[in-house]
Amino acid sequence: MCYTPSQYHLYQEDFEIVVVIDVLRATSAITAALHYGVERIIPVATIDEAISYKEKGYIVGAERDGQVVEGFDFGNSPFVYMDNDMSGKTVVLTTTNGTRAIQIAGDRKTVVIGCLNNLDILCSWLAEQHKNTLILASGWKDKVNLEDTICGGAIADILIESQKFQCVEDSTVAAKFMYRSAREHLWSFLRASSHRRRLKKLNIQRDVKFCLTANTVPCIPILRDGALVKLVYEPKTWLTAEMMAQ
Ligand code: 3SL
């Protein structure tokens, strides 16, 4: 597991799949958006790119430091996509950390999006692929964060327990143990997280609660030709966090 995009170059070995995580809130919002009908999300790293798409008539969301960027109609609240009908639409999105991480990982053959909301279905799919997999956390401005580490640890824990995967990095072992000590009381554990405190000031508790709840959105976004789309997937076997906890 790679804890921040700035460390990504250290992990560029023979990984065939990269799972990008930004639990609060980019990858949770992307997963919800595709599940609730958005057809494609084009992730862009900079505000300038977002502006140029807006000028071409695209629907564009832009967030920086947790807030909607001036001149844009929305940011990355998952509820924007659930409460408004955006069925069949293409949305362009830029966020502080998440969309940057997705772009950085874009050099890999397969990039999928992970969050707590899609934990079990994502793990089932990863186990069926059975390929070398890197979990890339978006972190916060190249610093480690708790929520992405715990989500990465949950994915690692489930995959390792499936006995199809081995863990080669100490970062993954550490994330796994962090997840194990947090899983019974995730919400109170994450109360301490710096980003949750940051978001608290913005009064978006509803978003935070949604993003910290596991297995509410059975959708796996996958990057194809520069855009995220919903992967068509019916699990053959479900790997679940509950199963692994026994
Ligand atoms: O960092 C990101 O990409 C964002 O998701 C941050 S926030 O949740 O909107 O603050």
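Predicted model: local features only at pLDDT ≥ 70, side-chain atom pairs only at ≥ 80, totals over all residues.
Residues are numbered from 1 along each chain as its sequence is written, and side-chain values use heavy atoms, with hydrogens and water left out.

1. **Polar atoms at the ligand.** A polar contact is a pair of N or O atoms within 3.5 Å; within protein, one must be able to donate a hydrogen and the other to accept it, and residues adjacent in sequence count only if both atoms are side-chain atoms. Asp22 places a polar side-chain atom 2.7 Å from a ligand oxygen. Leu24 uses a polar backbone atom, 3.1 Å from an oxygen atom of the ligand. Glu63 has a side-chain N or O atom 3.2 Å from an oxygen atom of the ligand.

2. **Asn97.** Helices (H or I, at least four residues) and strands (E, at least two) are DSSP runs, numbered from the N terminus. Asn97 sits in the loop between strand 5 (90-94) and helix 4 (98-105). The residue is buried, at 3% relative accessibility. Contact means heavy atoms within 4.5 Å. Beyond four places in sequence, Asn97 touches Asp22, Ser138, Gly139, Trp140 and Lys141. A polar atom of the Asn97 side chain lies 2.6 Å from the backbone nitrogen of Lys141.

3. **Backbone points to check.** Most residues other than glycine have a negative phi, and most peptide bonds are trans. Lys141 is not a glycine, yet has a positive phi of about 45 degrees. Its place is in the loop between strand 7 (133-137) and helix 6. Gln163 also has a positive phi, near 70 degrees. That residue belongs to the loop between helix 6 and helix 7 (170-182), and counts as exposed at 73% relative accessibility. The peptide bond from Leu24 to Arg25 is cis, with omega near -10 degrees. Arg25 is in the loop between strand 1 (17-21) and helix 1.

4. **Thr27.** Is Thr27 buried or exposed? Thr27 is buried, with a relative accessible area of 0%. The residue lies in helix 1 (residues 26-35). Leaving aside neighbours within four places in sequence, its contacts are Val20, Ile21, Asp22, Ile113, Gly114 and Cys115.

5. **Asp157.** This residue is in helix 6 (residues 146-161). Its relative accessible area is 0%, so Asp157 is buried. The side chains of Asp157 and Arg180 make a polar contact at 2.9 Å. Apart from neighbours within four places in sequence, Asp157 is in contact with Lys176, Tyr179, Arg180 and Arg183. Asp157 and Ala175 are 18 residues apart in sequence, and 8.7 Å apart in space, C-alpha to C-alpha.

6. **Aromatic pairs.** Rings of Phe, Tyr and Trp (its six-membered ring) pair if their centres lie within 6.5 Å; planes under 30 degrees apart count as stacked, over 60 as edge-to-face and the rest as tilted. The structure holds 3 such pairs. One of them joins Phe74 and Tyr81: edge-to-face, 5.8 Å centre to centre, with 90 degrees between the planes. Phe74 is buried at 9% relative accessible area, and Tyr81 is buried at 2%.

7. **Charges over rings.** A charge sits over a ring if NZ of Lys or CZ of Arg is within 6 Å of the ring centre and within 35 degrees of the ring normal. Lys54 lies over the face of Phe72, 5.8 Å from the ring centre. Lys56 has its charged end over the ring of Tyr53, 5.1 Å from the centre.

8. **Cysteines.** How many disulfides are there? The count is 0 disulfides, where a disulfide is a pair of cysteine sulfur atoms within 2.5 Å. For Cys123, the closest cysteine sulfur is in Cys151, at 8.3 Å, so it is too far for a bond. Cys123 is buried, with a relative accessible area of 0%. For Cys167, the closest cysteine sulfur is that of Cys123, at 14 Å, again too far for a bond. Cys167 is partly exposed, with a relative accessible area of 29%.

Key. Buried < 20%, exposed > 50% of the residue type's maximum accessible area, 1.4 Å probe, protein only.
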